[in-house]
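Subject: Structure handover

Hello,

Here is the structure I said I would pass on. My notes on it follow below.

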Amino acid sequence: MIPKNHPRAKSLLVREKLVAGYEKGLVAKEGLIAHGRGEAFDYLLGEKTSKNAEKAIKTAALSLISAKSPVISVNGNVASLCAKEIIQLAKIINAKIEVNLFYANQKRKKRIARILKINGAKKVLGVDSKSAKKIPKLDSARRIVDTSGIYSADVILVPLEDGDRTLMLKKFGKKVITFDLNPLSRTAQTADITIVDDISRGMRKLIQICRKLKKSKVKQHNSFDNKRNLVEAVKEIKKNLEKRAIHA
Ligand code: ATP
Ligand code: MG
């Protein structure tokens, strides 16, 4: 049990959720390591949603609301940390949900789909091999996606994704939105919109803003430069490091 007054209680609870996901067979071992890397950056970012993350969230919400066929790509980490939120977001933006694993494993895919369904998803793509399709002209074994999901999507939310796959989706002409706490990762650098925030924290904000925008029927896009926004994230880390060093 984590004491409520522990200074890092929220982050430790997120860690516990991921470990529980691993124990249920949703998360790969490598997923635990990826989370550790994310935690380290979250620590350096002060474990809060920064201004640049808020800006990226707003831009992402506008893109998702106005997309023709948005898809949310889910892996084991995402399903363990925010299954409920994924379903909420999918309903608001009218998105399809597709299970897409870096370390492909049919059993794990099915378990993830089940968790999503328990949390209210009516349909989960990416599990039935009959509707699988290969992204053309790419050799990677990981180019297999669902015909009516990622294959035909215009905007894809792919949180906590590997750089090679993000690059592949970009080459395939997709607009990519991601959550990635490391502003220097290849995914962060390749995506169109990178939300440098912990997914559990940032997803709730993304849902709030999508809800608001949907009601107000806003269609207009704000100006957004992903590279510049990532530089802001790096500056935030530097500022926090200096602040902590002074108080150390
Ligand atoms: P890349 O392949 O993009 O160069 P990488 O190989 O360092 O990055 P991966 O394991 O492929 O890392 O991707 C996972 C990414 O997700 C990492 O950049 C990690 O920092 C980030 N991440 C992990 N947990 C979270 C989380 N809870 N919220 C947001 N981002 C996270
Ligand atoms: Mg990687």
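H3 passes H9 in a left-handed crossing. Please keep in mind throughout that this is a predicted model.

Helix packing

To stay with that pair: helix H3 covers residues 51-66 and helix H9 covers residues 226-247, and their axes come within 8 Å and cross at roughly 155°. An angle over 145 degrees counts as roughly antiparallel, so H3 is roughly antiparallel to H9. On the H3 side the contact is made by Asn52, Lys55 and Ala56, and on the H9 side by Asn229, Glu232, Ala233 and Glu236. Sorted by class, the residues of this contact of H3 with H9 are two nonpolar, two polar and three charged.

The next pair is helix H4 (residues 76-93) with helix H5 (residues 106-118), whose axes come within 9 Å and cross at roughly 25°. The cut-off for roughly parallel is under 35 degrees, so H4 is roughly parallel to H5. H4 passes H5 in a right-handed crossing. H4 contributes Gly76, Ala79, Ala83, Ile86 and Ile87 to the contact, and these meet Arg108, Ile112, Ile115 and Leu116 of H5. The contact of H4 with H5 divides into seven nonpolar residues, one polar and one charged.

Helix H1 (residues 9-23) and helix H2 (residues 29-44) also pack together, at an angle of about 170° and with their axes 10 Å apart. H1 and H2 are therefore roughly antiparallel to each other. From H1, the residues in contact are Ser11, Val14, Arg15, Leu18 and Tyr22. They meet Lys29, Gly31, Leu32, His35, Glu39 and Asp42 in H2. By class, the contact of H1 with H2 comes to four nonpolar, three polar and four charged residues.

Aromatic pair

How many aromatic pairs does a search of the whole structure find? The search finds one. The partners are tyrosine 151 and phenylalanine 172, with 5.2 Å from centre to centre and 55° between the planes, which makes the pair tilted. Tyrosine 151 lies in the loop between strand E4 (144-146) and strand E5 (155-157), while phenylalanine 172 lies in the loop between helix H6 (163-171) and strand E6 (175-179), so the pair ties together parts that are 21 residues apart in sequence.

Positive phi

Two residues came up here. Asparagine 94 has a phi near 60°, a positive value in a residue other than glycine. Its place is the loop between H4 and strand E2 (96-99). With a relative accessible area of 66%, asparagine 94 is exposed.

Leucine 160 is not a glycine either, and has a positive phi of about 50°. This leucine 160 sits in the loop between E5 and H6. At 30% relative accessibility, leucine 160 counts as partly exposed.

Two further residues

Is serine 73 buried or exposed? At 3% relative accessibility, serine 73 counts as buried. The residue belongs to strand E1 (residues 71-74). Leaving out residues up to four places away in sequence, serine 73 touches Glu98, Asn100, Ile150, Ile156, Leu157, Val158 and Pro159. Between serine 73 and alanine 233 there are 160 residues in sequence and 24 Å in space, taken C-alpha to C-alpha. Alanine 233 is one of the H9 residues in the contact with H3.

Lysine 117 is found in helix H5. Its relative accessibility of 43% counts as partly exposed. Residues up to four places away in sequence aside, lysine 117 touches Lys122 and Val124. Lysine 117 and serine 131 are 14 residues apart in sequence, and their C-alpha atoms are 19 Å apart in space.

Regards

Key: Residues are numbered from 1 along each chain as its sequence is written. Chains are lettered from A and ligands numbered from 1 in the order in which they are written. This is a predicted model: local features need pLDDT of at least 70, side-chain atom pairs count only at pLDDT 80 or more; totals for chains, interfaces and linings use all residues. Side-chain values use heavy atoms; hydrogens and water are left out. Axes are lines fitted to C-alpha atoms, for helices over the stretch in contact, and angles run from 0 to 180 degrees between N-to-C directions. Helices (H or I, at least four residues) and strands (E, at least two) are DSSP runs, numbered from the N terminus. Angles under 35 degrees count as roughly parallel, over 145 as roughly antiparallel, 65 to 115 as roughly perpendicular and the rest as oblique. A crossing is left-handed if the near helix is turned anticlockwise from the far one by less than a right angle, and right-handed if clockwise. Contact means heavy atoms within 4.5 Å. Ala, Val, Leu, Ile, Met, Phe, Trp, Tyr, Cys and Pro count as nonpolar, Asp, Glu, Lys and Arg as charged, and the others, Gly among them, as polar. Rings of Phe, Tyr and Trp (its six-membered ring) pair if their centres lie within 6.5 Å; planes under 30 degrees apart count as stacked, over 60 as edge-to-face and the rest as tilted. Buried means under 20% relative accessible area, exposed over 50%, partly exposed in between (1.4 Å probe, protein chains only).
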